[in-house]
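Here is a protein structure to look through together, by way of questions about how its features are named and judged. Please take a moment with the sequence and the model first.

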Amino acid sequence: MMNKVWFDSKLVKWNNAKVHIMTHGLHYGTGIFEGLRCYKTKSAKAIFRLDDHLKRFFKSAEALSMRLPYSFGALKKAVITIAKLHKEKNLYIRPLAFYGCGKIGPDPRDAKINVCIFAVPLKHYLAKEAVSVKISPFKRIPYFSYAPGTKICGAYFNAALSSKWAHRKGADEALMLDHKGNIAEGAAENLFFIKNGKIFTPKSTDILNGITRDTLIKVLPDIGFRVIERITKPRELLNADEVFFCGTGVEIHAIGRVENRKTGNGGIGPITQRIKDFYSEITHGEIQKYKKWLTLT
Ligand code: PMP
């Protein structure tokens with residue numbers, strides 16, 4: 001944890017990357033963030049879908065009327081610098097921008113915009129091979145209450161409440177419903193399920209259409225699956241043959257229990273395993289066709 005942090009264009013020591021208590025983002029959630037992964041490949045460390053993550057970072061900033069004081073190119077360079085600084089090859093990288101010291105009140109007005117980028121070694125986001133999930137009583141913030149497709153810090157209170165609730169109930173992670181009561185996603189993961197050899201993912205106005213979800217939709221035809229996006233009722237998940245989470249942090253992670261009921265044999269199912277392996281080959285630069293998604297450091 002002693003690695004340096006890129007903080008407003010300077011490299012500062014980990015322990016010196018601090019903010020003031022008047023930081024607007026701390027009070028009102030007026031920040032945005034991203035999560036990327038860097039993998040060890042045969043040639044070098046490589047960041048997966050860097051441009052796509054940064055595009056979403058800029059989109060999130062725009063949704064908060066935040067004019068980032070750095071260009072796309074400058075932030076791209078900064079992410080690469082941080083990845084390079086670390087000795088570990090497999091990293092989780094977190095760019096974060098927030099309104100700094102400002103006046104009391106939700107409008108950030110004159111607050112300065114701060115940007116930082118740091119990385120942590122992260123092997124597994126979820127610990128067990130197959131996790132248990134419970135449906136959260138807190139519905140996912142609907143699309144009409146904020147800017148969908150963005151990662152705004154304040155909006156994650158909803159995910160935090162759900163995750164905390166699920167943990168209290170003895171589950172590993174929360175599943176969230178959208179405002180219509182259909183399955184949306186996990187607290188910070190998208191969801192896929194398999195029934196009779198077909199692969200489905202919930203379609204909803206209220207989910208973050210994640211980059212990993214997009215990756216799977218694009219690549220799974222290569223191994224013989226076309227992903228079907230459709231509105232999903234909770235009972236469909238209870239009857240699925242396999243269920244898994246996907247996301248940058250979680251990668252591909254089997255769900256062995258939904259609402260205390262076993263999915264398949266409660267472990268990782270054969271199709272999920274195949275997808276997990278294929279995704280790993282892609283992110284580690286082993287599939288020529290998808291090397292275009294890797295930025296070598
Ligand atoms: N949904 C939510 C709410 C998330 O926070 C994340 C993590 N960014 C995901 C889905 C997965 O998105 P991605 O694949 O882009 O990491």
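**Pockets and ligand**

Two or more residues of the largest pocket's lining come from each of α2 (50–63), β6 (91–99), α4 (157–168), β9 (173–177), β10 (183–186), α5 (211–219) and β14 (242–247), where helices (H or I, at least four residues) and strands (E, at least two) are DSSP runs numbered from the N terminus. This is a predicted model, in which local features need pLDDT of at least 70 and side-chain atom pairs count only at pLDDT 80 or more, while totals for chains, interfaces and linings use all residues. Residues are numbered from 1 along each chain as its sequence is written, and side-chain values use heavy atoms, with hydrogens and water left out.

Q: What makes a residue part of the lining of the largest pocket, and which residues are closest to its centre?
A: On a 1 Å grid over the protein atoms alone, a pocket is an open set of points with protein on both sides within 12 Å along at least five of seven lines, and a lining residue has an atom within 4 Å of a point. The largest pocket has a volume of about 510 Å³, and of its 36 lining residues Lys 151, Tyr 156, Ala 187, Ala 188 and Glu 189 are the closest to the centre.

Q: How do you know where the ligand sits?
A: A molecule sits in a pocket if more than half of its atoms lie within 2 Å of the pocket's grid points, and by that test the ligand sits in the largest pocket.

Q: What lines the second largest pocket?
A: The second largest pocket, with a volume of about 350 Å³, is lined by 18 residues, and those nearest its centre are Tyr 39, Lys 123, His 124, Glu 251 and His 284. The largest share of this lining, 4 residues, comes from α7.

Notes
1 Å grid on protein atoms, 1.4 Å probe; cavity = no way out; pocket = protein on both sides within 12 Å on 5 of 7 lines; lining within 4 Å. Points joined across faces, edges and corners; volume = space filled by probe spheres on them.
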